[in-house]
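Here are a few exercises to work through with the structure open. Try each one before you read the solution.

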Amino acid sequence: MLFAQTLILAAEDKEGSGLDLLLPATNELIAGIIAFAIVFFFIRLWAWPAIERSLEQRQQAIAGQLEDAEKAKAEAESLLQDYKKQMEEARAKGAEIIEEARATAEKLKADILEKANAEASQIVAKAREEAEAERARVLAEARQEVANLSIDLAERVVGEALDRETQLGLVQRYLAELEQM
Amino acid sequence: MILAVPECNVAEVTICAPANVNELFELPVRIGQINRTVLLIFLAAFIVMAVLYFAYRRPRLVPSKFQAAVDALVAFIRDEVAVGIIGPEGIKYAPYLLALFLFVLVGNLFEITPLVNFPITSRIALPAFLAILTWVVFVVAGIRKQGLAYFGHLLWPPGVPTALKPLVGVIELVSTLLVRPFSLAVRLFANLVAGHVMLVLLLVSGVAFIAAIPEVGAKGLFGFAWFGLGLAIWVFELLVTVLQAYIFTLLSAVYIQTSLHPEH
C-alpha cells in the first residue's frame with residue numbers, strides 16, 4: 001500500500017485534457033531547438049571534418065600500402081629476373097668451363113700420346129741402332145776370328161809359321177771382297 | 001510515472017488511474033522552466049557529442065573497437081542513407097542526417113534506459129521541431145536546386161495530364177508541404193508515446209500488484225504477468241526505438257532527394 005503510493009507520485013497543479021499531449025511545451029521546444037543546434041553544429045564543425053579526415057587517412061594508408069606492395073612485387077619480380085639471368089649465365093659459364101676442360105684434356109691426351117709415341121719410336125730406333133752396332137761388332141769379331149782360324153789352318157796345312165801380319169791382311173782383303181759380292 | 005488520485009485505494013480499485021494521460025509525461029522534478037524533459041534533451045545532446053568526441057578525438061588508422069562501432073554507424077548514415085538515397089550530392093546533407101539520427105536515437109533509447117525510462121521524443125516538441133526542420137531543409141534544397149520551378153515540379157510531377165493538374169496540384173501540395181512534416185513528426189511521437197505508455201503501465205502496475213499482495217491477496221499475483229509482459233515489450237521497444245530513429249532519418253533523406261530530383 002505504502003509502496004504503491006510512493007510509486008504514485010503527487011499530481012502537478014496542471015489540469016488538462018489529453019490534447020495537451022499533442023501541443024508542444026514551449027520550454028521543451030526551446031530546449032530541443034538549442035540542443036539540436038548544438039549537436040548539429042558540433043557535428044558540422046568538428047565531428048564531420050574529423051570523420052572525413054580519419055577516412056582520408058585510412059584511404060591514404062591503404063593506397064600507400066597497396067603501392068608499397070606493388071613496388072615490393074615489382075622489386076621481387078626484377079630480382080627474380082636477375083637471379084634467373086645470373087643462373088643462366090652461371091650455367092652457360094659452367095658449360096663453357098666443362099667444354100674448355102674437355103678440350104684441354106683432349107689436347108693433353110693427344111700431346112701425351114704423341115710424346116709417348118715419339119719416345120717409343122725413339123726407344124725402338126735406339127734399340128735398333130744398338131742392335132746394329134752389336135751386330136757390326138760381333139761381325140768384326142767373327143771376321144777377326146775367321147781370319148785367325150784361316151791362318152792357323154793354313155799354317156797347319158803348310159806346316160810352318162807364316163808371316164801373320166801379311167796373311168792377316170790377305171784374309172781381311174778377301175773377306176772384304178766376299179762382302180762386296 | 002503514474003500520479004495518484006489521493007483517495008485511490010489499491011485494495012479496492014486494483015489500479016489507480018491517473019487523473020489524465022498527461023501525467024504519464026509530466027515529470028515531477030522542475031526548476032522554473034527546466035523540468036526533467038528539458039534536462040534529458042540536453043543530456044541526449046551531450047551523449048551524442050560525447051560519443052562522437054571519444055570516437056574521433058584521436059582517430060586511428062586501425063580503429064579501436066569503440067571507434068569501429070561509431071564508424072559503422074556513421075558509414076551507414078553517410079553511405080546508405082545520405083549517398084544511397086539522395087545520390088552523390090547527398091554527402092552535403094550527411095552531417096544533418098547524422099545529427100538527426102543520433103539525436104533521435106539517443107532520445108528514443110531513453111525510453112528503455114533504466115533509471116531514465118522516458119523518451120524525450122514522446123514529447124511532441126522535439127519530433128515537431130525536427131520534422132519542421134527537415135521540411136525547411138528539403139524546401140530550401142528544392143529551391144536552391146531548381147529555383148522557383150521547384151514549386152511547379154512540386155505541384156505537378158512530370159507527365160501529369162492537363163485536365164488532372166488542379167486535382168493533382170492540390171493533392172501534391174497537401175501531401176508534400178503538410179502531410180509530410182505532420183506524418184514525420186507524428187510517426188515518431190506516436191510510436192514513442194505508445195511504447196512509453198505500455199512500458200509504464202505494465203511495469204509500474206506489475207510492481208504495484210506485487211507490492212500489494214499482502215493486502216489484496218492472490219489477485220496481486222497478476223503483477224508477475226504484467227511485469228513479465230512489460231519486460232518482453234521492453235525488448236520489443238529496443239527494436240522500435242532504433243527503427244523509428246532510422247525511419248525518421250531515412251524519410252528526411254527521401255524528402256531531400258525528391259526535392260533535388262523531381263523526375264522521380
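**Exercise 1.** Find the nonpolar patch on the surface and say how B:Val174 counts by accessibility.

*Solution.* Keep in mind that this is a predicted model. Start with the members: B:Val170, B:Leu173, B:Val174, B:Leu178 and B:Val179 make up the patch. Together they have about 420 Å² of accessible area. Next, pick out B:Val174, which sits in helix H7 of chain B. Its relative accessibility is 36%, so B:Val174 counts as partly exposed.

**Exercise 2.** Now go inside: which element gives the most to the largest nonpolar core?

*Solution.* That core has 72 residues, and A:Phe36, B:Phe103 and B:Leu130 are among those with the most contacts inside it. Helix H2 (26–158) of chain A is one of the elements giving two or more residues, and so are several helices of chain B, including H4 (94–109) and H5 (125–146). For a closer look, take B:Leu130: beyond its neighbours within four places in sequence, its contacts include A:Phe36, B:Phe103 and B:Phe248.

**Exercise 3.** Take the salt bridge between B:Arg123 and A:Glu28: are its partners buried or exposed?

*Solution.* First, the distance: the two side chains meet at 2.9 Å, N to O. Then, the location: the pair crosses between chains, from the loop between H4 and H5 of chain B to helix H2 of chain A. Last, the cut-off: buried means under 20% relative accessible area. B:Arg123 has 8%, so it counts as buried. A:Glu28, with 2%, is therefore buried too.

Conventions: Residues numbered from 1 in each chain as written. Chains lettered and ligands numbered in written order. Predicted model: local features only at pLDDT ≥ 70, side-chain atom pairs only at ≥ 80, totals over all residues. Heavy atoms only, no water. Core = buried A, V, L, I, M, F, W, Y, C linked by side-chain atoms within 4.5 Å. Buried < 20%, exposed > 50% of the residue type's maximum accessible area, 1.4 Å probe, protein only. Helix = DSSP H or I, 4+ residues; strand = E, 2+ residues; numbered from the N terminus. Contact = heavy atoms within 4.5 Å. Patch = residues over 30% accessible without salt bridge, like charges linked within 9 Å, V, L, I, M, F, W, Y side chains within 5 Å. Areas by Shrake-Rupley, 256 points an atom, 1.4 Å probe, with all protein chains shown as cover. Salt bridge = Lys/Arg side-chain N within 4 Å of Asp/Glu carboxyl O.
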